[in-house]
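Subject: A structure to look through

Hi there,

Here is the structure I promised to pass on. Please open it first, and then read my notes below.

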Amino acid sequence: MKGICSKCGMPTNIGRTNVWQPNGVIVGKYPPHLRGTIYDLDELKYLFDSIARQTGLDISRLIIEGKRKDALRFISSMLEHFKETGGSLPPAINIYEIVFNLCKVWGLGAIEILNYQEGETITISAKNAYYVPMFAGDASGVFESIEGCRVVPEWKGDESKLTLTLKRGEGEPELEQRIEAEVEKGIPSKEEGDLWYQLCGECGAPLELSRLLSWDMENAIIIEKLTGNRTFFHNTNGLFAVVKLLVDELGEDIERIILSSERAFAKNLYTKVKENTSLDAELNKFPLRSWGRPSQLKKEGGAFFIHVDNPYLDHIVAGRIWGLFEAFKEQEYIFGFESSGSGYIKIELDPIAS
Ligand SMILES: [Zn+2]
């Protein structure tokens, strides 16, 4: 099939445009070399629901903003790159087609354009949109980077069948400035690493990726084979900025909510699948998905100590590891956690005496 690697079955675009670095991070091959992550969609939905329920806040506005900035930056750089290498840009409608095809590849949704008026409005329908607020943010950023004007998203329907209209409108300058600053700052990372992957000779993606995921590009659905969870590939900075802002607003409360939500989600998930995998095998999948690289695992008595280099989000990765150990060891742990603020975290798990 067109766009699918005949050797490993992954979309050719994924392997050809990304590099799996030896430090546990996936980075775009072309400028601006943004970090990408293969997220667990079910995990993020569970997390956002937990945050909304426990804080009473509607965080969708913040999620839309984070993703809007992410998309704006990504598409603007893509257009710059086009100009620098090939001269003139294709007509806007063709750029939308290129971008919407990429949305299928990344597992964000299968999109059709229903109505388009240059510089004014666009209406699209999406089948299998991954998550409405993130999708609406992405679409807004795409439109703005191509048309050069601010838009407001409105939608009908849900993830299975969504109709989204973007119209010229005003944003929220204060919120936008704060989130923009965080998106620009991005994620601290350590450069070191000695990971090595066996790559597909045809498209360049790690062969391990095709063992991990089943990728239905036409329907924009990527499934993790082991768990059945839906995943998607996307930029990392936008989500990082959303969580950073939530932490600024709500302080330690939000960190506690993220850690406990991740712990519960991971414990439940790995308890269901642990007969078919192992603790080490699951930790080894983290860098393949750009979640960061678990390292320096030590056991002292019943306690475990572990570092993660380059976690995509400190608290999400730390909480997931907490629940992962509890599932595989069938033991509850007191959790200790230290973030370096510069690209690695330390986790300590002390068994609770039963
Ligand atoms: Zn391949």
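A word on burial to begin with: a residue is called buried if 20 or more other C-beta atoms lie within 10 Å of its own, exposed if 12 or fewer, and partly exposed in between, with C-beta atoms placed from the backbone. By that count Ala220 is buried, because it has 23 C-beta neighbours inside 10 Å.

Please keep in mind that this is a predicted model, in which local features need pLDDT of at least 70 and side-chain atom pairs count only at pLDDT 80 or more, while totals for chains, interfaces and linings use all residues. Residues are numbered from 1 along each chain as its sequence is written.

Helices (H or I, at least four residues) and strands (E, at least two) are DSSP runs, numbered from the N terminus. Two strands pair if DSSP finds at least two bridges between them.

**The sheet and its hairpin**

Ala220 sits in the loop between β8 and β9. Although not a glycine, Ala220 has a positive phi of about 60°. Most residues other than glycine have a negative phi. The two strands around this turn form a hairpin, with four residues between them. β8 (residues 213–216) and β9 (residues 221–224) are antiparallel, joined over four bridges. Leu213 has Glu224 as its bridge partner in β9, and Asp216 has Ile221. Leu213 and Trp215 make up the covered face of β8, while Ser214 and Asp216 are on the uncovered one.

Residues making the contact include Tyr46 and Leu47 of α2 and Ile257 and Phe265 of α9, where contact means C-beta atoms, placed from the backbone, within 7 Å.

α9 (residues 252–273) has 22 residues. Its buried residues, among them Ile254, Leu259 and Tyr270, pack against α2, α8 (237–250), α10 (279–288), α11 (314–329) and β13 (333–339).

**Two more places to look**

Pro153 is in strand β6 (residues 151–157) and counts as buried, because it has 20 C-beta neighbours inside 10 Å. Leaving aside residues up to four places away in sequence, Pro153 touches Ile64, Ala136, Ala139, Ser140, Leu164 and Leu166.

Asn128 lies in the loop between β5 (121–127) and α5 (132–147). Asn128 is not a glycine, yet has a positive phi of about 60°. With 19 C-beta neighbours inside 10 Å, Asn128 counts as partly exposed.

Enjoy looking around!

Best wishes

Technical notes:
The expected span of a helix is 1.5 Å times one less than its number of residues. Two residues are in contact if their C-beta atoms, placed from the backbone, lie within 7 Å.
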